[in-house]
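Student: Could you pick one part of this model and take me through it closely? I would like to see how it connects with the rest.

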Amino acid sequence: MTAKVKAAVNAAYAGIPVVITSGYAPGNLSKVLEGQRVGTLFHQDAHLWSPVKEVDARGMAVAARESSRRLQAMTSEERKRVLLDVADALEANVRLINVENEADVSAAQEAGYEKSLISRLALKPGKIKSLANSIRVLANMEDPIGHVLKRTQLAEGLVLEKTSSPLGVLLIVFESRPEALVQIASLAIRSGNGLLLKGGKEAKRSNAILHKIITGAIPDSVGGKLIGLVTSREEIPDLLKHDDVIDLVIPRGSNKLVSQVKNLTKIPVLGHADGICHVYIDKSANMDMAKRIAVDAKVDYPAACNAMETLLVHKDLKDTTEFNDLVVDLRAEGVILYGGPRASSLLNIPQAHSFHHEYSSMACTVEFVDDVHAAIDHIHEHGSAHTDCIIAEDLEVVDAFLGQVDSAAVFHNASPRFCDGARFGLGAEVGISTSRIHARGPVGVEGLLTTRWILRGNGQVVDGDKGVIYTHKDLPIEP
């Protein structure tokens, strides 16, 4: 060992950094190459370095809150400039981001991950440019912070304002989709919130470089600690204990992930479980339109939570040429069809093991129903209240579906793939919520805000309400 240390010291002083680590521990070489602190580093400038200070989970949350308050104190134009700088920084580092992302994708493939996960993990060509443009759209939106929502004169000279306000500190747990980190970080900046992020281990390198680039674009007056990146799964249970410094948890991922988070915390949780999205084709549908929508709903991005998982078809269509053409079109695209009890025998396809199943791949369930009311009942029993759509021309049938289907998003003659924050004009989204409290559907900036009451007076006191004449008069909201 003495000889190894001497050799390492000599190499370090010659300008060649050296790491000495155990060769007995499996994977140590890979860990060193990934930048993990394994073994002892010899470097000629080591004496100049400050020791690395580990920040615990609570410390990260407190630092994010302090930074968020400095962000809120900036002018609207200054906050806008931060977002524009983030967009520019992402575009300037596309090559570096792609290198790290390709390394994650290769590692996932070697590990034998499912194709649907690898699809979500990969940043496709042009994705960073698209994300940067979305951030610019977000930057140019009206500033959401301190927006006066309502003004009321309580009494003479006493004016009450209801204003929009950041929630505080958000903890987002997401799986395998590095683009989510960019969307969430930009929404947090626009809404003035502090942020803690925990991504899936399979996207470790992608998340790390994206986090580094984004926080590097945040001015020192706010501080990069506005957005913390949690790197260890073991830190999550600890973070979930701190309901006094974390204000909202948003899990983006599987039903299992959402359930685990809910069971571990008293912090409010906003999220959706499964994405069991339905397309119902009524007997009054324009079948050319129905074919386009159904194929898009399944094929455009089958791994997305707003992709069609169940195709419900009015029973009168089962023997029509148009429906048979739709089946042929789906199969031609590579979609594997499974059937409910009625469809499996009529179409001679395997029976689905459950109607409540999210394939997240090129597969879907088909079933015949008697009418729109049977379709509504099926959706309520087996759906996940995410996004459901009807293709129909009979307006009475359409009104029944739109009025009675209790999902976060309900569409008529349009693909469920439109259920997306960017497509809704929200700039981006932190996720899609199927909760019925606070925010529902795609959650953009507005879903990350709460309200405060601002009261302006000139010396009024209550004094048992003696002499106070309450007017409760609505006042115009001044621009």
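Tutor: Happy to! Let's take helix α3, residues 57-72: its 16 residues should span 22 Å at 1.5 Å a residue, and its end C-alpha atoms lie 23 Å apart, which agrees. The expected span is 1.5 Å times one less than the number of residues. Helices here are DSSP runs of H or I with at least four residues, strands are runs of E with at least two, and both are numbered from the N terminus. The model is predicted, so local features need pLDDT of at least 70 and side-chain atom pairs count only at pLDDT 80 or more, while totals for chains, interfaces and linings use all residues. Residues are numbered from 1 along each chain as its sequence is written, and side-chain values use heavy atoms, with hydrogens and water left out.

Ala57, Met60, Ala61, Ala63, Ala64, Arg65, Ser67, Ser68 and Leu71 are buried, that is, under 20% relative accessible area with a 1.4 Å probe on protein chains only; exposed is over 50% and partly exposed lies in between. An α-helix has 3.6 residues a turn, so residues three or four places apart point the same way. The buried residues of α3 pack against the helices α4 (76-92), α8 (178-191) and α10 (235-239), and against the strands β5 (169-174), β6 (194-198) and β7 (227-229). Contact here means heavy atoms within 4.5 Å.

Glutamate 66 also belongs to α3, but at 44% relative accessibility it counts as partly exposed.

Leucine 90 touches Ile97, Ile128, Ile135, Val182, Leu210, Ile213 and Ile214, leaving aside residues up to four places away in sequence. In soluble globular proteins, nonpolar side chains tend to be buried together.

Serine 360 sits between α14 (341-347) and β12 (363-369), with a positive phi near 55°. Asparagine 413 is in the loop between β14 (409-412) and β15 (431-433), and its phi is likewise positive, near 55°. Most residues other than glycine have a negative phi. Serine 360 is buried, at 14% relative accessible area, whereas asparagine 413 is partly exposed, at 21%.

Stepping back to the whole protein chain, its secondary structure comes to 16 helices and 18 strands. The C-alpha atoms fill a box of roughly 85 × 80 × 40 Å along the principal axes, and 50% of the 479 residues count as buried. Among contacts between residues at least 6 apart in sequence, 71% join residues at least 24 apart.
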